[in-house]
Amino acid sequence: DTFTLCVFPRPAAALAEMARVVKPGGQVLLLEHSRSGFAPLSWYQDITADAVAANGKGCYWNQDLDALLREAGLHAVRQDSQLGGLIRLVVAQRTA
């Protein structure tokens, strides 16, 4: 998945479906917007999220990707953050 979770009205449900269909031991690969761990940047994301979504095809760029993964029954086995944590590459697997 590439930059699409931010536009789903229920992103955890989309991830749960990915977890459901991935074969045992398979991986879900994500390149997604994520809420930054850098406080000034995450603050900016939060206060501008509605405006960004209104002008960016509905994309909410401040989602808590870790919480979404947990809710969907997935866990990150590898991840890499870029641009101050705004963009993350995640390799995830189903939680046992």
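Is proline 9 buried or exposed? Proline 9 is exposed, because its relative accessible area is 79%, where exposed means over 50%, buried under 20% and partly exposed in between, with a 1.4 Å probe and protein chains only. Welcome to this predicted model, in which local features need pLDDT of at least 70, side-chain atom pairs count only at pLDDT 80 or more, and totals for chains, interfaces and linings use all residues. Residues are numbered from 1 along each chain as its sequence is written, and side-chain values use heavy atoms, with hydrogens and water left out.

**Overall build**
- The protein has three helices and three strands, arranged along the sequence as α-β-α-α-β-β; helices (H or I, at least four residues) and strands (E, at least two) are DSSP runs, numbered from the N terminus.
- Its radius of gyration is 13 Å, which agrees with the value near 12 Å that a compact globule of 96 residues would have; this radius is taken over C-alpha atoms, and the globule rule is 2.2 Å times the number of residues to the power 0.38.
- The C-alpha trace spans about 40 × 25 × 20 Å along its principal axes.

**Surface and interior**
- Of the 96 residues, 36% are buried.

**Contacts**
- Take contacts (heavy atoms within 4.5 Å): among those between residues at least 6 apart in sequence, 58% join residues at least 24 apart.

- Proline 9 sits in the segment before helix H1 (11-21).
- From proline 9 to isoleucine 87 is 78 residues in sequence and 19 Å in space, C-alpha to C-alpha.
- Serine 36 lies in the loop between strand E1 (28-33) and helix H2 (39-55), and serine 36 counts as buried because its relative accessibility is 3%.
- Leaving aside residues up to four places away in sequence, serine 36 touches Leu41, Ser42, Gln45, Gly84, Gly85 and Leu86.

**The hairpin**
- Strand E2 (residues 74-82) and strand E3 (residues 87-94) pair in the antiparallel sense over eight bridges; two strands pair if DSSP finds at least two bridges between them.
- Opposite serine 81 stands arginine 88 in E3.
- Four residues lie between the strands of the E2 and E3 hairpin, where leucine 83 has a positive phi near 50°.
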